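Please walk through the model shown here.

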Amino acid sequence: MAHEFHLPDVGEGLVEAVISSWYVEVGGKVGLDEPLVEVETDKAVIDIPSPFEGVLLHRGGEDGDTVEVESLLAVIGEPGERWQEAPARTLPEVDERSAPVVGVLPGAESGVPRRPLALPLVRRLAEELGVDIAAISGTGPLGRITESDVRAAASTRPTVRVPMSRLRRTISESLSRSWREIPHVTTYGHADSDALMAHRERLGKPPVEALLIARLVPVLVRFPGFNGAVEGDEILERRFYDIGFAVDTPEGLMVAVVRDADTLSVDELAGEVRRLAAGARARKLQVDELRGQTFTVSNIGAVGGGRGTPIIPYGTSAILSVGRSRSRAVVRGDAIVIARQFPLSLSYDHRLIDGAEGRRFMAAVIGALEG
C-alpha cells in the first residue's frame, strides 16, 4: 500500500522549505527513520527521515524546488507497486506574435486610462529589469510592447532584480519587526582591552566570544532587565542565561545560542562557541540552536567593525556590540595616554530600561571586561 508523506512543520511557524538533496532515488529502498531528504528552512539545513519503510515511488520536488508545509513530499510503497499522481491541467503554448494582448483593446471607451499592451511574460521581464512599462512606446502590432522594447529601455540603465534568499528574507522580516515594535536606545562606551586579550593569550586563544560571554553573564545577573523582555503588559524576568552571539556566514548574519551559559566554564564556552559557529556556517544547526536567546553579543571587531547601532533581536531587551580593539588617546587624571580599547555599542528596549539604568549597565560591562 502506498503511503503519502507530506512535508511536516519541522520548525515553529515554518510555511515552506527548499529541497537541498534526496538521499533516495525513485525506485530505491528506504528504511523506517532513515534519512530521506535534506531540506533548507529559514535558518537551518535539516535531514527529514522517512516515516515508512519501503520503496520510494514518487518525489514531490527536485533539488532547488520550494515545497510548502503539508504539501506532498514523497510517496513510499511496496516493491513493484505503482502510484499515479492526478494529472495537472496544462495550457497551450502561446506565440508572442499571434497571442492576444493583455490590456485595453483599441476602441475602448475614451476617458478610461489605457493599460500598456503587453504579454504577461513581457510584463514579468520589465519587472525583473526594473523598467517602467508604462513609459515605453511599443513597436509591436497595435502598439504592443515587445521583449525587445523592454530590453532596449533597460539597456540605458540596466537593473537586475535578484530574489532574496530564504535566510535573507528571514533576517529582513525579523529586523523589521524589531525596529517597528521596540523603541531602541543606543549608548556607547570604551573598555580597555589589554587585560582580556592577555587572558586570552594565556588560555591558548579561545574565541573572543567565549570570554565576552563569561564576563557578561555575572553582569546580567546583577541587571536582570537586560536579560528579560516585554510581552504585552508584562515583563518576562528570565532566570536563565541563553546567550546568543552573531556569526558571519556566506548566506548572511546568524545568531547561534549558547544554552545555560552561566553553568559553563571558559573552556566549555569556547568549545560550544566553536561548535555553534562552525555549524552555523555549514547550515547544519538545529532550529533550536538558532533562536531563543535571552541576551545577544555581537563581536563586530572580528570583521573590522567599530561602533554601531545594533538592532535588538525580537523577544529580548538588549544587544551589545563589541568593536575591534584599537589604540586611542585617553585622558587619565591630568594626562593624555595611548590605550588599546574596545568600542562598545549597547542597544536596549526603552520600554523596559531607562537611560540611567542603561548607563549603569554599560559601566558594569566596562568594569567586567577590564577586570
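A residue is called buried when its relative accessible area is under 20%, exposed when it is over 50%, and partly exposed in between, with a 1.4 Å probe and protein chains only. By that scale Asp349 is buried, at 1%. The model is a predicted one, in which local features need pLDDT of at least 70 and side-chain atom pairs count only at pLDDT 80 or more, while totals for chains, interfaces and linings use all residues. Residues are numbered from 1 along each chain as its sequence is written, and side-chain values use heavy atoms, with hydrogens and water left out.

Asp349 has a charged partner: a salt bridge links Asp349 to Arg351, with 2.7 Å between the closest N and O atoms. The term salt bridge stands for a side-chain nitrogen of Lys or Arg within 4 Å of a carboxyl oxygen of Asp or Glu. In contrast to the buried Asp349, Arg351 is partly exposed, with a relative accessible area of 47%. Elsewhere, salt bridges with shared partners connect Glu16, Arg166 and Arg169 in one network. Under this rule 17 salt bridges are counted.

Another of these pairs is Asp242 with Arg259, at 3.1 Å from N to O. Helices (H or I, at least four residues) and strands (E, at least two) are DSSP runs, numbered from the N terminus. Asp242 is buried at 7% relative accessibility, and Arg259 is partly exposed at 33%. A further salt bridge joins Arg291 and Asp288 at 2.9 Å, N to O. Both of its members are partly exposed, Arg291 at 28% and Asp288 at 48%.

Which residues of helix 6 are buried? They are Leu269, Ala270, Val273, Leu276, Ala277, Gly279 and Ala280. Their cover includes helix 5 (208-222), strand 12 and strand 13, where contact means heavy atoms within 4.5 Å. After helix 6 comes Arg283, with a positive phi near 60°.

Now to the strands. Two strands count as paired if DSSP finds at least two bridges between them. Four strands form an open sheet in the order 5-4-2-7, with antiparallel pairing. Strand 5 (45-49) and strand 7 (66-68) are at the edges and have a single partner strand each, so one side of each lacks a neighbour in the sheet. On average, neighbouring strands here are turned by 45° against each other, direction ignored; the axes are lines fitted to C-alpha atoms, for helices over the stretch in contact, and angles run from 0 to 180 degrees between N-to-C directions. Within this sheet, strand 2 (residues 16-22) is joined to the antiparallel strand 4 (residues 35-40) by four bridges, and Ser21 faces Glu38 of strand 4.

Strand 17 (residues 335-349) pairs antiparallel with strand 9 (residues 184-192) over nine bridges, and Thr186 has Ser347 as its bridge partner there. Strand 15 (residues 318-322) also pairs antiparallel with strand 17, over five bridges, with Ser321 opposite Ser345. Strand 16 (residues 326-332) is joined to strand 17 by seven bridges, again antiparallel, and Val331 is partnered with Ile336. The hairpin of strand 16 and strand 17 has two residues between the strands, and Gly333 in this hairpin takes a positive phi near 70°.

Last come the aromatic rings. Rings of Phe, Tyr and Trp (its six-membered ring) pair if their centres lie within 6.5 Å; planes under 30 degrees apart are stacked, over 60 edge-to-face, and the rest tilted. The structure holds five such pairs. Phe223 and Phe226 have ring centres 6.3 Å apart and planes at 80°, so this pair is edge-to-face. Both residues are buried, Phe223 at 9% and Phe226 at 1%.
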